[in-house]
Amino acid sequence: MLRYVLNEADVATVRFGISPLCELGLSLRAIRDPSRFPLQLPWLRRTEASRADLDLDALFALIDDRLWTPDFLNPRPASPLTRLEDEFEVLADTPPDEFLRDLVAVHGRVPEVFAGPPRLAVRRIVRALRELWSATFEPYWPRMRAVLEADVTYRGRQIAQGGLSVMLNGISSTVDYADGVVSVRLKDPNDRVQRIDGHGLTLVPTMFTRRGSAPVGDGPPLIMYPARGQGALWEAERVANPAALAAILGETRASLLSALGDPASSTELGVRFGVTASAVNQHLRALRDAGLLISTRYGHSVLYLRSELGTALLEARAG
């Protein structure tokens, strides 16, 4: 059990972040043991051929049988829109003692593939991760990022509507919050207590964990948790629509209105419904102009959500 202790001032420091490097490192879990990540099997199938030419010796040495990864692969995001290149620069400058310590914390030793000067090993890891990104992430990252951004927006709505406690108790079945303490049930047999003391607690949604997880060591307070909406990421979706509403709006717009009880981007919706992004944007703008949707900008993305009028119309036609 890991317990993060928040004082009254720390409650205001809880924030969200998206880390491409964290997502890249955690993806090794799915590559190592696909059976534990059924929602990502379509991604694994699509990228199987391109993974054959990667430096798998180095990549698999970054993860153990428990699917733990060293803390230098799980940086605390500096912002909700952290750039991968910035994270690679920090990784490349990892101090040798920190690099070795993080590997030993996971494996109990330094894997043989990383024997020798730590700087050379770090250089090899950065190169291997860059190749992994180009082969398996870069073509799909806009879709993935849209899911992560939508999750953050959803959690923000939870805080606004129900408070911090409701949000924290909902991110994972292994995360609980009560009386200023965030408890994370881990597979680590050791109990740890870490006071936030103004350092801030960062919550990172990811598609490559099935439960709440945290750094192996005593780094900055960080919880990684499973993002919502992963199941609809890779397969086209068809939503059952009230026939009368579909007759008024058309099947695609009625489907979009039905699906947008939770925020989503046009990129994500295009994948889910098997419609081009340009076509989705036309439908979304029409629904928004009619007052049935609202939109909010998150970084470079625009997220759409059903308005009160849209919800009333949907419920009226379904009744």
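Tutor: Happy to. The chain exposes about 14,400 Å², and 51% of that area is supplied by carbon and sulfur atoms. Keep in mind as we go that this is a predicted model.

Some overall numbers first. The chain's secondary structure amounts to 13 helices and 10 strands. Its radius of gyration is 21 Å, close to the 20 Å that the globule rule gives for 319 residues, so the chain is as compact as a globular protein of that length. Along the principal axes, the C-alpha atoms fill a box of roughly 70 × 50 × 30 Å. The charges comprise 37 positive and 38 negative ones, and their mean positions lie 4 Å apart.

Now step inside. Buried residues make up 50% of the 319 in the chain. Of the contacts with a separation of 6 or more, 72% are between residues 24 or more positions apart. The largest nonpolar core has 68 residues, and Leu129 and Leu203 are those with the most contacts inside it. Helix 6, residues 118–137, gives the most to this core, with nine residues.

Let's turn to the loops, beginning with the one between helix 5 (96–107) and helix 6, where Val113 is found. Val113 counts as partly exposed, at 27% relative accessibility. Apart from residues up to four places away in sequence, Val113 touches Asp57, Ala58, Ala61 and Arg124. The C-alpha atoms of Val113 and Phe60 are separated by 9.9 Å, although these residues are 53 apart along the chain.

Most residues other than glycine have a negative phi. Leu67 is not a glycine, yet has a positive phi of about 70 degrees. Leu67 sits in the loop between helix 3 (56–60) and helix 4 (84–92). Its relative accessible area is 6%, under the 20% cut-off, so Leu67 counts as buried.

Asp179 also has a positive phi, of about 55 degrees, and is not a glycine either. You will find Asp179 in the loop between strand 3 (175–178) and strand 4 (181–184). With a relative accessible area of 80%, Asp179 is exposed, whereas Leu67 is buried.

How values were computed. Residues are numbered from 1 along each chain as its sequence is written. This is a predicted model: local features need pLDDT of at least 70, side-chain atom pairs count only at pLDDT 80 or more; totals for chains, interfaces and linings use all residues. Side-chain values use heavy atoms; hydrogens and water are left out. Helices (H or I, at least four residues) and strands (E, at least two) are DSSP runs, numbered from the N terminus. The radius of gyration is taken over C-alpha atoms; the globule rule is 2.2 Å times the number of residues to the power 0.38. Buried means under 20% relative accessible area, exposed over 50%, partly exposed in between (1.4 Å probe, protein chains only). Contact means heavy atoms within 4.5 Å. Accessible areas come from the Shrake-Rupley method with a 1.4 Å probe; for residues, only the protein chains shown count as cover. Lys and Arg count as positive and Asp and Glu as negative; His and the chain ends are not counted. The place of a charge is taken as NZ of Lys, CZ of Arg, CG of Asp or CD of Glu. A nonpolar core is a set of buried Ala, Val, Leu, Ile, Met, Phe, Trp, Tyr and Cys residues joined through side-chain atoms within 4.5 Å.
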